[in-house]
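Subject: Structure handover

Hello,

Here is the structure I promised. Please open it alongside this note, which says what was found.

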Amino acid sequence: MPAPAPSPEGDAGYLERRTLRRGSAGWLLLTGLGVAYVVSGDFSGWNVGLKEGGFGGLAIATALMGAMYACLVFSLAELSAILPTAGGGYGFARRALGPWGGFLTGTAILIEYILAPAAIVIFIGDYVESLGLFGLTSGWPVYLACFVVFIGIHLWGVGEALRFSLVVTAVAVAALLVFAVGAFTEFDAAKLDDIPVDPTAFGAGSWLPLGILGIWAAFPFGMWFFLGVEGVPLAAEEAKDPVRSMPKALSIAMGVLVLLALVTFLASTGARGADAVKEAGNPLVVALDGADGLSWLKTFVNYAGLAGLVASFFSLIYAGSRQLFALSRAGYLPRFLSLTSQRKAPYLGLLIPGAIGFALAAATGNGPRMLNIAVFGATISYALMALSHIVLRRREPNLPRPYRTPGGVATSTVAFVLALSALVATFLVDIVAAFIALAVYAAALAYFALYSRHRLVASAPEEEFAALAAAEAELTRD
């Protein structure tokens with residue numbers, strides 16, 4: 001492949017027009033960002049895994065997916081300390097797997113972070129309608145208002161945006177804990193395995209009513225308790241002391257998410273029964289049905305659910321814009337998409353994905369399908385990021401590593417194997433979504449193969465990092 005070409009505008013001028021605001025986020029804001037990506041999944045979506053695998057199937061799937069995310073997060077903590085730039089997964093894979101690996105990873109991340117907000121804004125519309133807020137119904141006016149208002153906050157500045165996200169996330173997390181306290185007063189272990197058993201399913205029983213295969217089918221829903229936390233490294237270029245703050249934020253965010261997953265899952269199913277909540281659009285509220293004296297909590301959880309959706313919607317917009325910014329700055333995508341404003345916000349990287357997300361939401365109204373497409377992209381990126389950790393440990397053992405992943409290659413290997421298993425599971429849940437994601441992926445790869453791979457920008461941080469590795473390898477051979 002031809003070497004990346006310098007920018008036509010000169011390196012200094014090119015990068016000056018593509019600069020983010022450094023030092024805007026400390027470990028607390030980064031931790032809040034990690035939880036914000038995910039918190040909406042605690043309020044709804046995960047419960048459909050009960051339909052696929054029953055309580056036992058979803059419990060095992062959640063444990064395995066939790067292990068995958070934990071291993072991935074520790075691997076990313078090491079990688080983000082090595083290369084603290086906005087490229088995140090693309091930058092890691094670029095050094096380990098070359099330009100093709102970098103583009104494959106970055107594109108998979110973009111699929112996740114453009115489709116997920118489009119799905120969540122539909123859920124926000126449903127919540128607004130169910131709560132009767134201002135007499136609004138779920139539809140394009142609500143979707144448009146969400147994109148306009150929240151993208152506007154991002155355009156204002158990253159520090160302001162992340163502080164807003166932290167506040168909304170704190171409200172949602174507090175609500176989940178209050179819900180759990182109330183729901184556990186109604187807890188009955190006998191309700192956990194009340195889903196009817198399918199006698200034709202292999203290995204079926206009260207805890208696995210859909211059999212052994214149900215565990216695998218529940219993988220994508222076990223992911224909902226953690227989906228998105230891997231996006232924290234995308235804020236590395238805007239972080240204070242990213243070498244220290246990034247591993248700390250990733251570890252704390254993962255710990256918080258494990259706690260929320262445990263209490264939400266047990267409290268919801270134990271209060272009302274797995275069968276009652278398995279298809280509910282608002283499982284936490286359904287879990288409180290019939291609970292004497294807790295009607296106030298149902299109302300509170302409803303509003304808090306809206307806060308959780310807003311937190312995830314808002315933070316996922318941020319993540320998508322930074323991945324798009326990094327790929328564009330390096331020439332993998334059209335370069336104009338990485339231009340930044342006077343407030344150092346990648347305005348086109350915010351506006352164009354926002355327009356795409358709004359159009360998809362308004363045209364389809366199919367939130368679950370878009371989330372399934374997002375999960376497909378996510379699992380590909382997980383496998384490639386874990387593989388990048390393995391390759392860099394093997395190929396460059398002496399690379400300075402301010403933070404080292406506990407367990408080393410064994411940890412990232414677990415993440416790699418489980419990510420591939422989750423990728424295959426997406427075909428079990430929604431084969432149409434999987435093939436739509438494959439078609440989008442194929443179109444992006446055709447663009448890279450035919451056009452952008454010949455126009456990469458050598459001065460982009462991720463490209464310089466990879467070029468340094470190539471130069472060192474050549475010196476070693478000489």
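Tyrosine 69 is buried, because its relative accessible area is 0%. Buried means under 20% relative accessible area, exposed means over 50%, and partly exposed lies in between (1.4 Å probe, protein chains only). This is a predicted model: local features need pLDDT of at least 70, side-chain atom pairs count only at pLDDT 80 or more, and totals for chains, interfaces and linings use all residues. Residues are numbered from 1 along each chain as its sequence is written, and side-chain values use heavy atoms, with hydrogens and water left out.

Aromatic pairs

The structure holds 24 aromatic pairs. Rings of Phe, Tyr and Trp (its six-membered ring) pair if their centres lie within 6.5 Å; planes under 30 degrees apart count as stacked, over 60 as edge-to-face and the rest as tilted.

Helices are DSSP runs (H or I, at least four residues), numbered from the N terminus. Tyrosine 382 is buried too, at 1%.

Phenylalanine 150 and phenylalanine 164 make a tilted pair, with centres 6.0 Å apart and planes at 40°. Phenylalanine 150 is in helix 6 (residues 140-156), phenylalanine 164 in helix 7. Phenylalanine 150 is buried at 12%. Phenylalanine 164 is partly exposed at 27%.

Helix 2 and helix 7

The axes of helix 2 (residues 27-38) and helix 7 (residues 158-184) come within 9 Å and cross at roughly 55°. Axes are lines fitted to C-alpha atoms, for helices over the stretch in contact, and angles run from 0 to 180 degrees between N-to-C directions. The two helices are therefore oblique to each other. Oblique is what remains after roughly parallel (under 35 degrees), roughly antiparallel (over 145) and roughly perpendicular (65 to 115). Residues in the contact include Leu28 and Gly32 of helix 2, and Leu162 and Arg163 of helix 7. Contact means heavy atoms within 4.5 Å.

Asparagine 302

Asparagine 302 lies in helix 13 (residues 295-329). Its relative accessibility is 17%, so asparagine 302 counts as buried. Beyond its neighbours within four places in sequence, asparagine 302 contacts Tyr127, Leu131, Asn282 and Val285.

Best wishes
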